[in-house]
Amino acid sequence: MAERQLDPSLDAGQAPYLAQQRASQSLVFDQLVKRYAMAYGDRPEQIRAGTWLAEHLGPGARVLDVGCGTGVPTARQLVNAGLQVVGIDISAAMVSAAAAAVPEAVIYNCDVLNLTETGFDGAVAFFSLLMLPRSGIAQALSVLYEAIKPGGYLLISMVEADLDDVPVKFLDTDVRVSGYQRDALCGVVEQAGFGIVDMRVVAYTPAVAQADPEIHLYAFARRPHGDRESE
């Protein structure tokens, strides 16, 4: 396992930029609730990943859904499996949709970079961290390391791409995204202190007209049982 890099932070020049970018993203996703659900509602590999997590944790486990979106499919799937789900999202409209779709879960408006809640048995971040620059992804992974109990699991999915805060068209809307090649993603997760359990690579095409096929990466990771700082 790579040596853990503790609490990476943004420098003074990056913080205001990132805050402005996240505010802009929240407004974008406020407008994309229905279109997003239609374009990305059918992701079989994401369902399989959720099943894996539920089986490894068992009923009653407490799980964080980072960038929960509409709550479907993941928050709903995990609640149905008997897990206690806490979902966070930067979009107020997504939070409202998720709260309506999964009333059994605790859903609230929060940026993962500002998360202070801890004590989770596991966490998922399906296609949410890619909206951050790479420096922000490293910071988010550090936050999640502290949020997850020793021995707990973290599942992350991203589109495979060598990008750092690059403007792209997403559902005909301008957004900025980041990505990694599969080996680089494993390295970033390991640098945050997690051990890689598995990496799954699948082809996927969004359900929109003239959509280009994508390669999706699903990283399965675990926080070690022993806390390195206390050794």
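Tutor: Let's start with Arg48, which is partly exposed at a relative accessible area of 47% (buried means under 20%, exposed over 50%, partly exposed in between, with a 1.4 Å probe and protein chains only). Its salt-bridge partner is Glu45, with 3.0 Å between the closest N and O atoms; the term means a side-chain nitrogen of Lys or Arg within 4 Å of a carboxyl oxygen of Asp or Glu. Glu45 itself is buried, at 9%. Helices (H or I, at least four residues) and strands (E, at least two) are DSSP runs, numbered from the N terminus.

A quick word on the source: this is a predicted model, where local features need pLDDT of at least 70, side-chain atom pairs count only at pLDDT 80 or more, and totals for chains, interfaces and linings use all residues. Residues are numbered from 1 along each chain as its sequence is written, and side-chain values use heavy atoms, leaving out hydrogens and water.

Next, Asp121 and Lys149 pair up at 3.3 Å, N to O. Asp121 is in strand β4 (residues 120-126) and Lys149 in strand β5 (residues 148-159), so this bridge links parts 28 residues apart in sequence. Then there's Asp162 with Arg134, at 2.8 Å between the closest N and O atoms. Here a loop between β5 and β6 (163-170) supplies Asp162, and helix α6 (residues 134-147) supplies Arg134. Asp162 is exposed at 55%, while Arg134 is partly exposed at 24%. Finally, shared partners join Glu45, Arg48, Asp198 and Arg200 into one salt-bridge network.
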